[in-house]
Amino acid sequence: MKNEMKMKIFFKIAHYTIVDQMKAKSFYLLLGLSMGLLFLTRGCYSADYVINGQQVESILRLSRIMFQVIVMGMLLMVSMISMRIITRDQNDGSVQMFLSRPVNRWEYMLGRIIGTWLLSSGFMLILHLTLSLIIWSQTNDVNLGYIGASIVCSVNLLFIVAAVCLLSLFMPDFISALFAIGLLGIGFVSDGGYRLLSSEIFTAIAPSAAGASPAPWRIFYPKLFMVQAYADSLISKSDFVTLGPVHPLVNVFAFIILIMIFAFLFRRLFMHIKRFSGIEMKHISHMDANVALSLIGLLMVSLLGMNTFYVVYANSTAHAIEGVYPVSEYFAGFFGSL
């Protein structure tokens, strides 16, 4: 029962995050423009391309490129959205509103992160489904790899959301987004360069360089590029060769868990956010609050008095008391002895 209540609170925070982000009209404008641009490029998939005298299968290649363009655009977009999730709550007092309820700090942090991730992943999935529908209209072939690849790439979105939220705790918002994008860029250059060195073309050109083993930091660095390479293999239905001893999804998930733990500990140990604390009210607000509390107190005393005299009247006239009035019956004993 307790775990069900915690999950309910967690989903409420995630739902609030999604609804809060969707209130912005720019969200729908950006989604509409993105889908419109995809439909405008549908003519590119029906063209024939010839390279070195050989006809190239343009539909699959171009769709895979467009798929990755959508993912990169979403990574940039989600970094901009995530940079103000935590700091905005801190500045406008929303965090006190959340923590004034029976909500643990980890539930608040996780709910905000997961809500942003679900919204951005849904946005990206809609664009990828639109792309797959365009490809289906050109080839009459349903490729479910686009859906699986989109779900795989959503792991990278979760990593960026968690990283930006952690960095925004001790960096300016825009700097934290740039720093997270820098982490992404380093991984793409490192892993992309290694895959290029391991390709058949480069092996034929420079076999000695191609056989070099990767540096240890490359093996343990977040495998964001390799996750997208794995997603690409789902679309092309080709073999996937990973870099390092573990699958890139396991690598990225491990870093996501570490980032969330660091974010929770930093917020708990260094930011010292107090429960039930907020911005001091103005004097007129204090007066309004006192008047409201006084009226509530007067109403409670009036109800208690009415119930007490009802119990006294029922006892004096030997009528049956309808209902249960434990407090009023206690006070009625004093009036009955008078």
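A crossing of two helices is left-handed if the near helix is turned anticlockwise from the far one by less than a right angle, and right-handed if clockwise. Helices here are DSSP runs of H or I with at least four residues, numbered from the N terminus. The model is predicted, so local features need pLDDT of at least 70 and side-chain atom pairs pLDDT 80 or more, while totals for chains, interfaces and linings use all residues. Residues are numbered from 1 along each chain, and side-chain values use heavy atoms, without hydrogens and water.

Helix α6 (residues 105-139) passes α7 in a right-handed crossing. The angle between them is about 150 degrees, and their axes lie 9 Å apart; axes are lines fitted to C-alpha atoms over the stretch in contact, and angles run from 0 to 180 degrees between N-to-C directions. Angles over 145 degrees count as roughly antiparallel, and α6 and α7 are therefore roughly antiparallel.

Helix α7 also packs with α12 (residues 224-236), at about 170 degrees and with axes 8 Å apart. This pair is therefore roughly antiparallel too.

The largest nonpolar core has 59 residues, and Phe67 and Phe159 have the most contacts inside it. Such a core is a set of buried (under 20% relative accessible area, 1.4 Å probe, protein chains only) Ala, Val, Leu, Ile, Met, Phe, Trp, Tyr and Cys residues joined through side-chain atoms within 4.5 Å. Helix α7 (residues 145-167) gives the most to this core, 16 residues.

Notes. Buried < 20%, exposed > 50% of the residue type's maximum accessible area, 1.4 Å probe, protein only. Helix = DSSP H or I, 4+ residues; strand = E, 2+ residues; numbered from the N terminus. Parallel < 35°, antiparallel > 145°, perpendicular 65-115°, else oblique.
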